[in-house]
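Could you take a walk with me through this model, one region at a time? Please have the sequence and the fold open side by side.

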Amino acid sequence: MRIALAKELSYDIVIVGAGPAGSSAAFSAAKTGARVALLEKEETVAQTVRTSGVTWMDSIKEFEIPEYCYNPVKNYGFCSPRNEVMISSNTPMAAVLDVRKTYRWLAEKAKKQDVELYTGTVVTEVTRTPYGMTLYTTSNKEEILFHAKIVIDASGFQSVVAKSLGLVTQWKRFGAGAEYEVEVENADPDTWWLMVGQDYSPAGYAWVFPMGGKIVRIGVGVGKPESTLDPTERLEQIMQKKLGPIAKLGKITQIEFHYGLIPNDGLSRKTVYDNLILVGDTAGQANPLVLEGIRYAIRFGRVAGEVAASAILKGDLSERSLKPYEENWKKAIQKKIESASRVQTRWIGLSDKEWDKELDIIKELNIDEFLDFIKADFSLASIIKMAVSHPKLAVRQLFNIVKGTTGKSS
Ligand SMILES: Cc1cc2nc3c(=O)[nH]c(=O)nc-3n(C[C@H](O)[C@H](O)[C@H](O)COP(=O)(O)OP(=O)(O)OC[C@H]3O[C@@H](n4cnc5c(N)ncnc54)[C@H](O)[C@@H]3O)c2cc1C
């Protein structure tokens with residue numbers, strides 16, 4: 001039985017998904033002068049949390065994210081089965097976002113720019129029309145048709161618009177992550193832990209991220225298809241065994257379970273077409289080393305919205321007119337993501353013993369080098385310096401991988 005067609009609505013730009021990419025795109029598109037609708041399938045923004053929310057203080061400042069949305073971090077622990085590194089900064093350089101508060105703040109910012117947010121609205125199909133696109137949605141058991149001159153697909157891993165138009169297929173390489181938000185007896189709100197080695201994850205890592213107060217997030221991420229391991233099962237196991245830094249937390253009381261998927265196929269997708277932009281996880285814009293994509297989703301969401309609205313104002317909805325968006329994000333991150341992918345390939349194959357040695361290399365890095373490394377913000381000068389003149393061969397080899405040379409002769 002077909003559901004009733006309730007109404008048809010027309011906008012300049014329709015954005016699918018009120019995650020960080022979609023809300024940011026909506027904000028900047030409306031600010032640039034377009035009439036914008038933002039469609040979200042869940043009943044509220046960030047109803048389901050699918051991410052751990054670690055990001056960096058420079059990005060928080062760039063986006064002016066308010067203090068109530070994050071917990072700053074200044075000690076960065078990294079542990080393998082038989083090794084441990086603790087690197088600290090004088091002031092916090094990283095932060096763990098309260099994902100709900102941050103995503104809702106982003107959506108509110110868009111609403112204040114007169115974006116019309118439709119929650120509980122699931123996009124089921126998208127077709128091209130002579131004027132742009134039509135999106136078929138269901139909302140409260142009714143069908144609503146949205147007509148748009150430009151569509152921005154910010155639906156994340158699912159990439160609902162691009163898939164419906166037959167432009168992409170499901171990501172083949174991706175990360176699967178499971179996480180408990182918990183209350184613990186002994187929290188250290190200034191310190192995070194990344195945990196590597198077979199017991200944590202055979203192709204990935206585990207983490208303890210502090211949320212402030214006595215709340216932390218404990219999680220496990222697994223690379224697919226490299227490993228068939230179920231991250232939820234492994235998470236239960238490491239929590240029961242109180243492995244590594246989990247032992248220090250004392251009594252653990254579960255609050256909420258999170259599960260999510262993140263693409264890890266590199267920058268394999270084309271991201272602009274006539275009347276269409278792909279952004280955020282839909283575009284595969286994530287740092288593959290630690291699979292973090294929130295700051296890229298916000299930054300390139302804003303660029304996507306601005307470029308789309310400018311195209312509307314010019315009356316040119318062609319791929320060529322939307323191309324500056326793709327040029328912008330490629331210039332900013334393509335090389336970094338390629339470098340990070342090479343390091344990730346090395347990391348995915350490491351045994352426990354090799355991880356213990358890898359941590360010895362990480363110990364050689366100072367705080368700025370360590371953070372640049374984890375963020376995949378490899379500045380050319382520091383990479384060349386490490387790859388060429390670091391006294392230890394192992395460090396030179398790692399940074400030659402980052403640089404894209406084999407390092408055998410270094
Ligand atoms: C386990 C895990 C841990 C992670 N940890 C971190 C981290 O610590 N730091 C970091 O920076 N990144 C992290 N990431 C990655 C980060 O979550 C993503 O890069 C980021 O969320 C991408 O934002 P987005 O807006 O593109 O997509 P999403 O956040 O996925 O938003 C997409 C939105 O579209 C909506 N939607 C989907 N389909 C439809 C539809 N048919 N109709 C309408 N709406 C729809 C969804 O409900 C959702 O609200 C993690 C990912 C995972 C899986």
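Which residue in β14 does Met195 stand opposite? Met195 faces Ala206 there. Before going on, a word on the ground rules. This is a predicted model, in which local features need pLDDT of at least 70, side-chain atom pairs count only at pLDDT 80 or more, and totals for chains, interfaces and linings use all residues. Numbering starts from 1 along each chain as its sequence is written. Helices (H or I, at least four residues) and strands (E, at least two) are DSSP runs, numbered from the N terminus.

**Around β13**

Strands count as paired if DSSP finds at least two bridges between them. Strand β13 (residues 191-197) has two such partners to look at here. With strand β14 (residues 201-212), β13 pairs in the antiparallel sense over 4 bridges, and the two form a hairpin with 3 residues between them. With strand β5 (residues 75-80), β13 runs parallel, joined by 5 bridges; Asn75 stands opposite Thr191 in β13. Of the 7 residues of β13, 6 are buried, so the strand is mostly covered. Here a residue is buried if 20 or more other C-beta atoms lie within 10 Å of its own, exposed if 12 or fewer, and partly exposed in between, with C-beta atoms placed from the backbone.

**Domains and the ligand**

The protein is divided into domain 1 (5-48 + 100-169 + 267-333), domain 2 (67-97 + 173-263) and domain 3 (340-403), with bounds that come from an automatic or database domain assignment. The C-alpha centres of domain 1 and domain 2 lie 30 Å apart. Their contact takes 10 residues from domain 1 and 8 residues from domain 2, where contact asks for C-beta atoms, placed from the backbone, within 7 Å. On the side of domain 1 that touches domain 2, α3 gives the most, with 3 residues. That side divides into 5 nonpolar, 3 polar and 2 charged residues. In this scheme Ala, Val, Leu, Ile, Met, Phe, Trp, Tyr, Cys and Pro are nonpolar, Asp, Glu, Lys and Arg are charged, and the others, Gly among them, are polar.

Where does the ligand lie relative to domain 1 and domain 2? Both domains give residues to the shell around the ligand, so it lies between them. The ligand is surrounded by 40 residues, the closest being Gly19, Gly156, Gly177, Gly280 and Gly293; a residue is near a molecule if its C-beta atom, placed from the backbone, lies within 6 Å of it. The shell holds 16 nonpolar, 16 polar and 8 charged residues. Elements that each supply at least two shell residues include α1, β3 (54-56), β12 (174-184) and α6.

Helix α1 (residues 20-31) has 12 residues, which should span 16 Å at 1.5 Å a residue, and its end C-alpha atoms are 17 Å apart, in agreement. The expected span is 1.5 Å times one less than the number of residues in the helix. In α1, 11 of the 12 residues are buried, among them Pro20, Ser24 and Phe27. Their cover includes β1 (5-16), β2 (36-39), α3 (99-112), β11 (142-153) and α6 (294-314).

Helix α3, with 14 residues, reaches 20 Å from its first C-alpha to its last, close to the 20 Å expected. Its buried residues, including Tyr103, Trp105 and Leu106, pack against α1, β2, β7 (94-97) and β8 (116-118).

Most residues other than glycine have a negative phi, and most peptide bonds are trans.

| Residue | Phi |
|---|---|
| Gly33, following α1 | near 115 degrees |
| Asp114, following α3 | near 75 degrees |
| Lys141 | about 65 degrees |
| Leu291 | near 50 degrees |

Is Lys141 buried or exposed? Lys141 is exposed, because 8 other C-beta atoms lie within 10 Å, and it sits in the loop between β10 (132-139) and β11. Leu291, in the loop between β18 (276-278) and α6, counts as buried because it has 21 C-beta neighbours inside 10 Å.

One peptide bond also deserves a look: the bond from Lys224 to Pro225 is cis, with omega near 5 degrees. Pro225 belongs to the loop between β15 (215-224) and α5 (231-241).

Terms used:
Contact = placed C-beta atoms within 7 Å.
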